[in-house]
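Dear colleague,

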Amino acid sequence: MEGWLHEWLSLLLRWAHFIVGIAWIGASFYFNWLENQLQRRPPAAAPEAGGAGGAVESGDPIAGDLWAVHGGGFYYLQKYRVAPDRLPEPLHWFKYEAYFTWITGFALLGVVYYWNASLYLIDPAVASLTVPQAIGLGLAALLLSWLVYHGLCSSQLKRHPRALAVLILAWFTALAWLLDSLLSGRAAYLHVGAAIGTVMVANVFFVIIPAQKELVAALVDGRQPDASKGENALLRSRHNNYLTLPVLFIMISSHYPSTYGGNFGGVGGWLFLLLFSLAAVGIRHWFNIRHIPGHSRWVLPASLVLLALMMWMTMPSSRPPASAVSSIKTATPAVPTSADILNIVQARCTGCHSATPSLAGFTAPPLGMAMDSLEQLHLQADRIVNAAVVTRTMPLGNLTGMTETEREQLARWYKARQTEANGPEN
């Protein structure tokens, strides 16, 4: 019953998170594109607002306009230089997409990582934490990230956006390193993503929406709006735009254990996250500036080269994980038989990876990987050894207590199979 409930809660929350996340990011990307594509008009040449398609009869000259076609119809959009003379009705706000993205995401974090903390959150091989300690660490990462970020953005550094961006990057890098040293690799990544998402939503709630409300209130009161609030909102909105792609990568990273579990460059998963995020920010920057004449065309190629370099650095010399296990030395020369390995796998892995899982919270084998027979063991040898030996992300939280000796036996067995299939190494 608990497994059924957990699976359905996880499914429905993930689905809802996906839906509202698309709505939020889609609106953000659209308005960013719209801002970049507006036909700009100098003040002297700007017509009065309310022309073709205009809903307000008078107001400040427009700063730009745009024609578009979609869904079988033409659309005409105008942006006011400041604001119309009167408040239009209805006025559409874009905020609840962000709020519900965070609410569903936080609920999903609780269901997946805090409900099964010993399985997904804690890795005894990384740090000996109790469940309350690990959950407290995760929650503290979210709150502290907002406090640090907000403090930086509220200081004089806001007048130096590049220096501010470097310090923000430094904070999240330090957070990734810290969490990677205390939590499971998968949980460390997800909590960095949750911390970034918390910052993005807090930007909307505490800065961007209040600035928009100030603009509306000033229009109603017939006074000049507070320009500083608008400037702060623009800065936070720009940060949200650049943070989007790293967050999206983190959201899908749990499906790729080599990203968070691999010993990248001999350092750890946090370095992979840093480099991938730099590439993602570079790609987002190119989309933001590609319309500008003479823009830095090297940004996109440099980002793609960085991704290619990361692929090369993590590429095994043969089908994974042969190169990774080839360096394992042991005083026991005997090669385990497939039957020996099946016994290990059934003792350590089939609580989840079985046609009938026995571990609470599982009603079907994850990724469809059942390991109940020799045939299944042989078919999935690459994936099994990659997860248990190379990335060491399985068993989850090492809840079943797989030993180093058993991991070495897996490695020797796999290497022997590779040698038999490919011939002895030269």
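**Salt bridges around Glu-404**

Glu-404 and Arg-407 form a salt bridge in which the closest N and O atoms are 4.0 Å apart. Please note that the model is predicted. Both residues belong to helix H15, and because they are three residues apart there, about one helical turn separates them. Arg-407 is buried, its relative accessible area being 6%, whereas Glu-404 is partly exposed at 44%.

Glu-404 also takes part in a salt bridge with Arg-392, with an N to O distance of 2.4 Å. Glu-404 lies in helix H15 (residues 404-422) and Arg-392 in the loop between helix H14 (381-390) and H15, so this pair ties together parts that are 12 residues apart in sequence. Arg-392 is partly exposed, with a relative accessible area of 37%.

**Salt bridges around Glu-35**

A further salt bridge joins Arg-40 to Glu-35, the closest N and O atoms being 2.8 Å apart. Arg-40 has a relative accessibility of 46% and therefore counts as partly exposed. Glu-35 is likewise partly exposed, at 30% relative accessible area.

**Overall count**

The count for the model comes to seven salt bridges, including the pairs Glu-404 with Arg-407, Glu-404 with Arg-392, and Arg-40 with Glu-35.

With kind regards

Definitions and conventions. Residues are numbered from 1 along each chain as its sequence is written. This is a predicted model: local features need pLDDT of at least 70, side-chain atom pairs count only at pLDDT 80 or more; totals for chains, interfaces and linings use all residues. Side-chain values use heavy atoms; hydrogens and water are left out. A salt bridge is a side-chain nitrogen of Lys or Arg within 4 Å of a carboxyl oxygen of Asp or Glu. Buried means under 20% relative accessible area, exposed over 50%, partly exposed in between (1.4 Å probe, protein chains only). Helices (H or I, at least four residues) and strands (E, at least two) are DSSP runs, numbered from the N terminus.
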